[in-house]
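Work through the following exercises with the structure in view, and try each task before reading its solution.

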Amino acid sequence: MWRAWTDGAARKGADDEWHAGVGVVMFRERDPDSRRESAFHICGCTSQRAELEAVIEAIEMVAPGERLHVETDSQYVVSGMYGAWNLSAKNKSVWDKLRRLSSKRDVEYTHIPRCSGPEAVAVDRLAKHAMRMKCDSDT
């Protein structure tokens with residue numbers, strides 16, 4: 001089984017546009033050498049969408065049929081995946097993609113406190129670093 005820690009971060013920049021970062025840290029249980037990381041910037045993206053995109057990235061990093069345990073500090077993601085959140089129409093297409101990908105893998109979700117453990121700290125740093133990158137149109 002794969003374990004993944006995901007995080008998304010966003011802020012409004014001086015340009016009055018939203019800038020978001022996504023971070024993922026994952027490895028196969030009992031195999032620390034399988035560690036994988038991913039981070040990227042998304043322009044015009046809110047924090048909630050960045051959290052969703054982080055989970056999508058983690059799911060896409062494992063093959064269909066694989067088991068994946070996602071740990072996230074986003075109650076929005078965990079509650080949304082277990083049907084306990086009134087989901088925004090604004091992120092409907094992202095939720096649809098997340099549900100579609102999840103259905104092809106054995107995924108479970110756990111809410112964790114922010115920065116609770118070394119992987120959670122690492123993924124928080126990745127997301128915040130990616131958030132500070134510039135959009136292609138900013139160059």
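**Exercise 1.** In this predicted model, find how many aromatic pairs there are when ring centres must lie within 6.5 Å, and then classify the pair formed by Tyr-82 and Tyr-109.

*Solution.* With that cut-off, the count comes to three aromatic pairs. For the rings of Tyr-82 and Tyr-109, the centres are 6.1 Å apart and the planes stand at 80°. Planes over 60 degrees apart count as edge-to-face, so the pair of Tyr-82 and Tyr-109 is edge-to-face.

**Exercise 2.** Describe how helix α1 (residues 47–60) packs against helix α3 (residues 92–103).

*Solution.* Begin with the geometry: the angle between α1 and α3 is about 25°, and their axes are 10 Å apart. Angles under 35 degrees count as roughly parallel, and α1 and α3 are therefore roughly parallel to each other. The crossing in which α1 passes α3 is left-handed. Turning to the residues in contact, those of α1 include Leu-52 and Ile-56, and those of α3 include Trp-95 and Leu-98. Sorted by class, this contact has eight nonpolar, one polar and four charged residues.

**Exercise 3.** Locate Arg-30 and decide whether Arg-30 is buried or exposed.

*Solution.* Arg-30 lies in the loop between β2 and β3 (31–43), and its phi is near 65°, a positive value in a residue other than glycine. Because its relative accessible area is 77%, Arg-30 is exposed.

Technical notes
Residues are numbered from 1 along each chain as its sequence is written. This is a predicted model: local features need pLDDT of at least 70, side-chain atom pairs count only at pLDDT 80 or more; totals for chains, interfaces and linings use all residues. Side-chain values use heavy atoms; hydrogens and water are left out. Axes are lines fitted to C-alpha atoms, for helices over the stretch in contact, and angles run from 0 to 180 degrees between N-to-C directions. Helices (H or I, at least four residues) and strands (E, at least two) are DSSP runs, numbered from the N terminus. Angles under 35 degrees count as roughly parallel, over 145 as roughly antiparallel, 65 to 115 as roughly perpendicular and the rest as oblique. A crossing is left-handed if the near helix is turned anticlockwise from the far one by less than a right angle, and right-handed if clockwise. Contact means heavy atoms within 4.5 Å. Ala, Val, Leu, Ile, Met, Phe, Trp, Tyr, Cys and Pro count as nonpolar, Asp, Glu, Lys and Arg as charged, and the others, Gly among them, as polar. Rings of Phe, Tyr and Trp (its six-membered ring) pair if their centres lie within 6.5 Å; planes under 30 degrees apart count as stacked, over 60 as edge-to-face and the rest as tilted. Buried means under 20% relative accessible area, exposed over 50%, partly exposed in between (1.4 Å probe, protein chains only).
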